[in-house]
Amino acid sequence: MLLEKIPLGKTLEIFVDREDYRYRLVSKVEDTNEKRVCVTAISSRSGKYFSFLPTDRVRVLYRDQETMWEWDNVTAGIAMLDKTPVHYFMIADKGKSFNRRNAYRVSVLEEVTLNYYSLPEEKEKHADKPLLPEDIDEMGEEKKEWIKEALTPHEVKGMVKDVSETGVGVYSDEEFAINDSIFFEIPCPYGNLAVQALVVRKTKNNSSSKRFENYYGCVLLQSDRKLIRYIFDLQREMLKKQKG
């Protein structure tokens, strides 16, 4: 697919492999040509822009109706477009259709502890720890207790139903809302693999035989890079069983 044919305002997924982790970022297309695409500058909750490192392996994914397109090993950075900060991605080829095997989910069915942070008196749940105020030493005991509560992660029981390179399904009795984010570890032969996930879909389990009340479909925001190896191992086992 030609990069310049991506309509402005469309969503791009950006995957960053950095040391032992993979990060998933999302942003909207602001400008594009045959060699470069610019997206709305990606920032954290604190307002700090995401910084790409020279050692990062960066790939860009675009979903065009039923087809997924991928540009691998792109060069990323931040620049100004019409006096507005944007992140840009320079490509070296025309891209290729995305291997759907990477989006194929495999069954896990492992019990886990789901964790999240939530500010007192607020409903939103976050995978990232809140930032400490700079003047914490000058605060009263009541305010310090509030901060301590905000920095203590909540723990609830859950189960990982299935996982792919880009998403994970979890069960839990906890009530999560769309756009809540959580963090947990997936047990596997390579150790406990840390992930962060964003809730994008929620379904009630109405059957009395179900152990948990809710099912949540999530996209992975951050994951251990060994998770991909584990997924491929499970896929190979499934293929062996089918052939056998």
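Contact here means heavy atoms within 4.5 Å. The views show a predicted model, in which local features need pLDDT of at least 70, side-chain atom pairs count only at pLDDT 80 or more, and totals for chains, interfaces and linings use all residues. Residues are numbered from 1 along each chain as its sequence is written, and side-chain values use heavy atoms, with hydrogens and water left out.

View 1. Leaving aside residues up to four places away in sequence, Phe184 touches Val112, Thr113, Leu114, Asn115, Val160, Val168, Val170, Leu193, Ala194, Val195 and Ala197. A nonpolar core is a set of buried Ala, Val, Leu, Ile, Met, Phe, Trp, Tyr and Cys residues joined through side-chain atoms within 4.5 Å, where buried means under 20% relative accessible area, exposed over 50%, and partly exposed in between (1.4 Å probe, protein chains only). The largest such core has 26 residues, of which Val168, Phe184, Ile186 and Leu227 touch the most other members. Strand 9 (106–116) is among the elements that supply at least two residues of this core, as is helix 2 (226–243); helices (H or I, at least four residues) and strands (E, at least two) are DSSP runs, numbered from the N terminus. Strand 9 gives the most to this core, with five residues.

View 2. A salt bridge is a side-chain nitrogen of Lys or Arg within 4 Å of a carboxyl oxygen of Asp or Glu, and the structure holds 16 of them. Arg22 pairs with Asp17, the closest N and O atoms being 2.6 Å apart; Arg22 is buried at 7% relative accessible area, and Asp17 is buried at 5%. Both residues belong to a salt-bridge network that also links Arg59, Glu70 and Glu165. Arg18 and Asp56 meet in another salt bridge (2.7 Å, N to O), which joins strand 1 (residues 11–18) to the loop between strand 3 (36–40) and strand 4 (57–64), the two residues being 38 residues apart.

**View 3. Salt bridge between Asp162 and Lys161.** The closest N and O atoms of this pair are 3.1 Å apart. Asp162 is buried, with a relative accessible area of 10%, whereas Lys161 is partly exposed, with 29%.
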